[in-house]
Structures are given as C-alpha cells and as structure tokens.
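Hello,

Here is the structure we spoke about. Please open it alongside this note.

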Amino acid sequence: MYDFPPYRPPSEAESILIRVTEGCPWNSCRFCGMYRNERFRIRPIEEIERDIKIADRIFGERPSVFFGDSDNLLHPELERILDMIRDHMPYVNRITTYSRARTLKHESEERLIDLRERGLRRIHLGLESGDKEILKLLNKGITPEDAIMAGKKALKAGFEISEYVLIGFGERHARETAKVLNMIAPHFVRLRSITLIPGTELHDMVERGEVVLSTPAGRLEEVRILVENLSIQTEFLSDHISNYLWSRDGVVYTGVNGKLPEDKESMLESMDRLIEIVSELENSGNLLDSNDMFRMGRISL
Ligand code: SF4
C-alpha cells in the first residue's frame with residue numbers, strides 16, 4: 001500500500017521517503033528518462049496521510065524525510081503535509097524536497113517563508129548548466145536568469161539549496177555554470193556526469209552525431225574549470241556513480257569532493273594528477289565511463 005518515490009538523491013538514502021507528487025510536470029528535458037512513462041499527479045492528501053501514518057513501520061524512526069517526486073512545491077496542501085509530519089513524526093528534524101527553478105520563480109515569498117517555518121529545510125534543484133545554449137539544447141525549460149532568481153529566492157526564504165550540475169558539455173558550459181553558481185551561492189553543488197539513457201532525445205542526438213559530449217578526460221577538465229572558477233562558500237560533491245571512471249582493473253576515479261574555498265587548492269592539485277592518469281588510460285583505450293558501464297549493465301542509475 002505504501003507509495004515510494006522511485007528516485008531520491010544519494011544524500012537522502014537514510015531518509016524516510018514520502019511521495020507527495022508523482023512524475024514531473026515538465027517531463028521534457030532531453031537527457032532525462034526518469035518519469036517518461038508517468039503522468040504528473042498531485043497525490044490526494046488522504047493518500048499522503050496514510051503513508052505518513054505507516055511510514056515508521058517501514059523506515060523506523062529516522063531524523064529526516066525526503067519528498068518525491070520532482071516538483072513538490074506544486075502541491076497546494078504542502079503546508080498541511082508538513083504539519084502532519086510534525087504531528088506524527090516528532091523525531092524528524094530535517095525535511096527536504098526536489099523542486100524546479102520554474103516553480104520557485106512563481107512562488108510567493110510569503111508561501112516560501114511559511115513552508116520553511118513549517119519545517120521544509122532543503123530544496124534540491126537541477127541547474128544542469130549555467131550556459132543558456134546548453135540549457136536550450138537540454139530543453140530544460142529555464143534560462144540562467146531563472147535559475148539565479150529561483151535560487152536566490154529560496155535562499156532568501158531561509159532554505160538550504162543543492163544545485164545539480166551535469167558534466168559533459170565542454171569548457172564554456174563549465175565556465176558559464178561557475179558564473180551562475182557564484183551568483184546563487186548554493187549550500188551544495190552536486191555533480192552528475194551525463195549518462196545517456198536509451199529512449200531519450202539526447203541519446204538519439206548523440207547517436208546521430210548531432211551532439212558531441214566531452215571525453216572522460218575532458219569531463220575532468222570541466223570539473224577542474226568549475227572548481228577553479230567558483231568563488232563562493234559551498235560544499236562541492238561528486239556524490240553519484242555517474243562520476244566514476246574505471247579501467248579494466250577497477251575504479252580509477254570516484255569524483256572530487258571538498259569544501260570551497262578552503263579545499264580548492266588540494267582539489268585542483270588532485271584534479272591535475274587525475275587528468276594526467278585518465279588521459280593516459282583514455283589514449284590507451286583502457287578507460288570506461290558511466291556510459292560504458294551502463295550499456296554493459298554493470299551499473300544502474
Ligand atoms: S530532469 Fe527534472 S525537470 Fe527535467 S524532465 Fe527530468 S525530472 Fe523533470
């Protein structure tokens with residue numbers, strides 16, 4: 001009877017999962033296959049209340065809750081849902097959700113402050129890129145200006161925000177993304193290396209040669225540019241298997257992580273060493289990325 005959100009960020013692996021909406025109201029990003037076969041639906045409050053009441057039987061008493069699916073600020077009764085969690089789960093001290101810049105842009109400041117005061121603490125947002133051409137290519141449905149406005153609005157209302165960035169679209173993408181992140185100053189920047197999902201438009205565009213993605217070494221260069229150009233305080237995380245690189249002998253790279261600005265120099269030094277190693281492996285044909293591993297069925301996303 002319990003309805004689980006099919007996707008959640010890795011950082012929410014220990015959270016109680018409550019499905020507030022189903023699917024994605026946009027569902028048009030060219031790289032995304034997550035909710036392709038699902039119609040967007042706002043779950044009735046009665047269904048959510050039932051899940052909240054039985055959640056402890058499934059998860060036990062845990063300190064955090066994550067709301068799925070992709071855009072839960074659209075739920076008109078989110079306030080009541082937050083109150084129900086406070087009443088039924090007094091042990092919860094952190095509630096987080098996915099949302100979209102486009103939705104945040106249209107939310108009133110008063111409602112955002114109210115949601116924050118009722119316990120919603122962190123919003124996970126897919127920026128993907130700060131380059132307007134790449135956003136268009138991905139059909140993300142937002143501009144860099146939308147992302148900046150939405151992020152700032154959420155921060156002003158007191159939220160913590162996580163911005164997700166795709167890696168794989170080149171140097172200009174990395175530079176423009178750093179510019180946008182510098183203007184938002186999110187608490188977290190989380191990297192996802194582009195992994196092509198069969199059935200998505202981007203997959204077909206790459207197959208037809210209309211879009212060329214960076215090679216693995218090029219992606220590390222992108223990450224380096226991003227780190228180098230960020231001038232904000234933030235936690236920089238590669239907390240996803242899509243960032244890994246493998247040789248035939250095993251994992252060679254699991255991603256770069258650190259707090260900026262204090263860890264910047266050591267992150268850049270380790271990136272320089274890794275770029276050399278990965279370039280050699282790439283040139284010798286002994287390197288696998290998340291696309292190879294996904295195709296071989298050795299990882300799932
Ligand atoms: S990336 Fe996010 S906004 Fe885009 S289609 Fe997928 S779930 Fe929707």
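Below is what was found in it.

This is a predicted model: local features need pLDDT of at least 70, side-chain atom pairs count only at pLDDT 80 or more, and totals for chains, interfaces and linings use all residues. Residues are numbered from 1 along each chain as its sequence is written.

Eight strands form an open, mixed sheet in the order 1-4-5-6-7-8-9-12. Strands here are DSSP runs of E, at least two residues, numbered from the N terminus, and two of them pair if DSSP finds at least two bridges between them. Strand 1 (16-19) and strand 12 (258-260) are the edges, each pairing on one side only. Strand 9 (residues 234-237) runs antiparallel to strand 12, with three bridges joining them. In that pair, F236 stands opposite G258.

Next, I18. Leaving aside neighbours within four places in sequence, I18 is in contact (C-beta atoms, placed from the backbone, within 7 Å) with I48, D51, I52, A55, V65 and F67.

Then G168. This residue sits in the loop between strand 7 (160-167) and helix 7 (171-184); helices are DSSP runs of H or I, at least four residues. G168 is buried, with 28 other C-beta atoms within 10 Å; the cut-off for buried is 20 or more, with C-beta atoms placed from the backbone. Its C-alpha atom is separated by 5.8 Å from that of I194, 26 residues apart along the chain. Beyond neighbours within four places in sequence, the contacts of G168 are S193, I194, L213, S214 and R219.

Best wishes

Technical notes:
Two residues are in contact if their C-beta atoms, placed from the backbone, lie within 7 Å. A residue is buried if 20 or more other C-beta atoms lie within 10 Å of its own, exposed if 12 or fewer, and partly exposed in between; C-beta atoms are placed from the backbone.
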